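User: Could you walk me through a few features of this model, one question at a time?

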Amino acid sequence: MNIKIRRETSDDYRKVEEVARDAFWNLYCPGCNEHVIIHKLRKSTDFIRDLTFVIEVDGEIVGSIFYSTSKVIGKDGTEYPTITFGPVCIHPRLHRKGLGRKLITYSIEEAKKKGHKAILIQGYPYHYEPYGFVGAKKYGISLSDGKFYKGLLALPLFKGAFHDVEGHVEFAEVFDPSEDETASYDCTFPTKEKGFQQSQKEFEIACQQLDE
């Protein structure tokens, strides 16, 4: 395989969204909204364009990773800037070939080069611990409800990045598109059948797991 990681361009937009839609369809819920999130994120002031990459195999786009600004809000209202990645995906037909690892590792190194201090994400710990992520509770960082969740993960990019940082994380608003927004944009893609699969139940349970 000839593998290439590069910045996303406007010519890639539709293909990237199609790959994301295929990757996430019925994974976390019947259908998906990740392609809608990507579409909205590009227009958002939270979008970090120079940390958005596609991965190609033999000249074909098969995955992508998107970054956005986020922040930790301290109890006194002080805001500490962080960044967040997601959606990140590889087309299902090319899973378990190390492509996701290459893409994520590359983007993290680029984030370091650009001087970003820390990354906060939500995801399965076993997926992201190999990159150095740990539960955000270690740094006193919760979701907005004040609770610590196992799926809220933190990666300091420099020593002391979370020194004296404590509070709750605030992600970009685009990560929660409405059902109407999702349906309206999704209808511009070929019809796919929505359905249930076990990963949806696993995701629902994982989202509620507290880090106690």
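This is a predicted model: local features need pLDDT of at least 70, side-chain atom pairs count only at pLDDT 80 or more; totals for chains, interfaces and linings use all residues.

User: Thanks! To begin, which elements do the buried residues of H2 pack against?

Analyst: Helix H2 (residues 34-41) is mostly covered, with 6 of its 8 residues buried. Those buried residues are Glu 34, His 35, Val 36, Ile 37, Ile 38 and Leu 41. The elements they pack against are helix H1 (13-24), strand S3 (60-74), strand S4 (79-90) and helix H5 (179-186).

User: At what angle do H1 and H2 pack, and which residues make the contact?

Analyst: The axes of H1 and H2 are 8 Å apart, and the angle is about 150 degrees. On the H1 side the contact is made by Glu 17, Ala 20, Arg 21 and Phe 24, and on the H2 side by Glu 34, His 35, Ile 38 and His 39.

User: Is Phe 24 buried or exposed?

Analyst: The cut-off for buried is under 20% relative accessible area. Phe 24 has 8% relative accessibility, so Phe 24 counts as buried.

User: What kind of pair do the rings of Phe 53 and Tyr 106 form?

Analyst: A pair of aromatic rings is described by the distance of the centres and the angle of the planes. For Phe 53 and Tyr 106, the centres are 5.1 Å apart and the planes stand at 90 degrees, so the pair is edge-to-face.

User: And where in the chain do Phe 53 and Tyr 106 lie?

Analyst: This pair links distant parts of the chain, 53 residues apart. Phe 53 is in strand S2 (residues 53-57), and Tyr 106 is in helix H3 (residues 99-113).

Terms used:
Residues are numbered from 1 along each chain as its sequence is written. Side-chain values use heavy atoms; hydrogens and water are left out. Buried means under 20% relative accessible area, exposed over 50%, partly exposed in between (1.4 Å probe, protein chains only). Helices (H or I, at least four residues) and strands (E, at least two) are DSSP runs, numbered from the N terminus. Contact means heavy atoms within 4.5 Å. Axes are lines fitted to C-alpha atoms, for helices over the stretch in contact, and angles run from 0 to 180 degrees between N-to-C directions. Rings of Phe, Tyr and Trp (its six-membered ring) pair if their centres lie within 6.5 Å; planes under 30 degrees apart count as stacked, over 60 as edge-to-face and the rest as tilted.
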